[in-house]
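Hi everyone, thanks for coming. I'd like to walk you through one structure today, so let me put it up on the screen.

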Amino acid sequence: MARQLAFPAGYHAYLEQTFSPATRRLAPAIRALSDHYVGKTGAVHLPAVLWTEAYAAYYGPVNALKLSAIADELRLRLPGWPSQKRLRVLDIGAGPGSATLGIALALPDFGLDALWLDNNPSWNESPLIEPLIKSGHLTVRRQPGDFQSVQPPAGLFDIVVMANTLVELEGPVSGLAARFGQWISQTLAPDGVAVIVEPALKAPTRNLHELRSHLLRPSSGFSWRIAGPCPHEKACPMLETDRDWCHETRDWLQPAYHHQIDQLAGLRKDALRYSWLALTHIVAAVLPEPAGRVVSEIRREKGRTRFVTCGTDGRLSEWQALERVIRTTPELAETMKTLERGHLVKLPGLDGGRLSPGNSFGRLPST
């Protein structure tokens with residue numbers, strides 16, 4: 001069964017205690033931020049303190065759980081990672097520390113020493129990470145600057161993360177890829193992992209696909225391995241047309257205060273949606289052949305269920321399971337009931353078609 005993303009009980013209680021008293025005050029600001037992010041309005045004119053508090057309360061936990069899910073999968077796909085108990089983290093465009101928080105929550109037995117790079121001084125006091133700092137689980141240094149204006153910091157890091165940054169950058173993807181490649185070449189430890197996370201929107205996600213293509217080209221001068229989400233290192237099939245993009249959808253246990261904000265602001269965060277890319281020099285565990293990742297919505301129609309996978313051969317394939325087959329095949333019925341966009345699956349082949357009783361279709365562990 002698919003695991004619902006959720007915060008550890010103690011941290012969940014901390015979020016409720018911290019933000020529940022402020023939901024009515026923050027809801028209008030959060031609605032303004034949401035309208036801005038989805039393109040309904042232009043610049044957001046809010047006091048800096050209110051802006052950062054509203055963002056931390058609503059978007060901070062959401063973005064943290066995305067990174068937690070990614071870190072969980074990386075631990076499965078990269079044998080022996082992480083290799084030491086205290087990890088150095090470079091968080092590019094850190095904001096309130098959502099990405100750092102997500103990594104820390106996914107790796108509770110590992111200490112983190114984080115360097116946050118961000119131009120906004122209002123993030124200097126982030127309520128999201130207070131309990132982790134008090135416990136000694138996390139230390140944070142802050143450095144002003146952004147991805148395009150400063151040189152990579154000195155030192156090597158076990159995790160380099162850049163979240164919700166491409167969506168804000170301008171310029172050709174080739175230039176951004178060269179810049180990012182330079183950064184991680186200079187800052188990533190030999191057994192480290194670099195992770196990029198973006199909103200599940202068409203434009204930034206397709207930019208992420210293009211960045212992947214540039215970084216994997218032999219002419220780029222880099223030699224990265226793909227740790228996720230792709231089940232292959234071939235050309236991205238999403239770029240063969242101008243209409244496709246690959247992202248994940250995950251169910252989550254929404255905190256009560258967060259749901260109350262949704263109700264007050266007229267929003268709905270019923271699931272977590274995001275796109276991502278992880279690069280490393282570590283050799284990932286080999287997926288069983290044939291296998292793939294679900295890269296479409298699960299279309300549950302009258303009489304059948306349909307979905308598309310991106311396979312280990314680098315091709316997109318459409319699958320369908322007839323309702324009468326699902327009803328009479330308990331294993332298939334359980335898989336189809338919990339299947340979500342972004343799940344890794346073992347396939348009966350790579351050409352697509354109808355799933356039938358006795359074939360080898362099923363979920364592969366990812367989180």
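By salt bridge I mean a side-chain nitrogen of Lys or Arg within 4 Å of a carboxyl oxygen of Asp or Glu. The general idea is simple: side chains of opposite charge can pair when their charged atoms come close.

Quick housekeeping before I go on. This is a predicted model, where local features need pLDDT of at least 70 and side-chain atom pairs count only at pLDDT 80 or more, while totals for chains, interfaces and linings use all residues. Residues are numbered from 1 along each chain as its sequence is written, and side-chain values use heavy atoms, with hydrogens and water left out.

Okay, back to our pair. Glu 334 and Lys 337 both sit in helix α10, residues 330-338, three residues apart, or about one turn of the helix. Helices here are DSSP runs of H or I, at least four residues, strands are runs of E, at least two, and the numbering goes from the N terminus. Glu 334 is partly exposed at 33% relative accessibility, and Lys 337 is exposed at 57%. The cut-offs: buried is under 20% relative accessible area, exposed is over 50%, and partly exposed is in between, with a 1.4 Å probe and protein chains only.

There's also a network: Glu 73, Arg 77, Glu 248 and Arg 293 are joined by salt bridges that share partners. The total count is 20 salt bridges.

Here's another one, Asp 113 with Arg 86, where the closest N and O atoms are 3.0 Å apart. Asp 113 is in strand β2 (residues 111-117) and Arg 86 is in strand β1 (residues 86-92), so this pair ties together parts that are 27 residues apart in sequence. Asp 113 has a relative accessible area of 28%, so we call it partly exposed, and Arg 86 is partly exposed too, with 35%.

Then there's Asp 313 and Arg 315, whose side chains meet in a salt bridge at 2.6 Å, N to O. Asp 313 is partly exposed at 22%, and Arg 315 is partly exposed at 39%.

Last stop: is Thr 305 buried or exposed? At 6% relative accessibility, Thr 305 is buried. You'll find Thr 305 in strand β11, residues 304-311. Leaving aside neighbours within four places in sequence, Thr 305 has contacts (heavy atoms within 4.5 Å) that include Trp 319, Ile 326 and Met 336.
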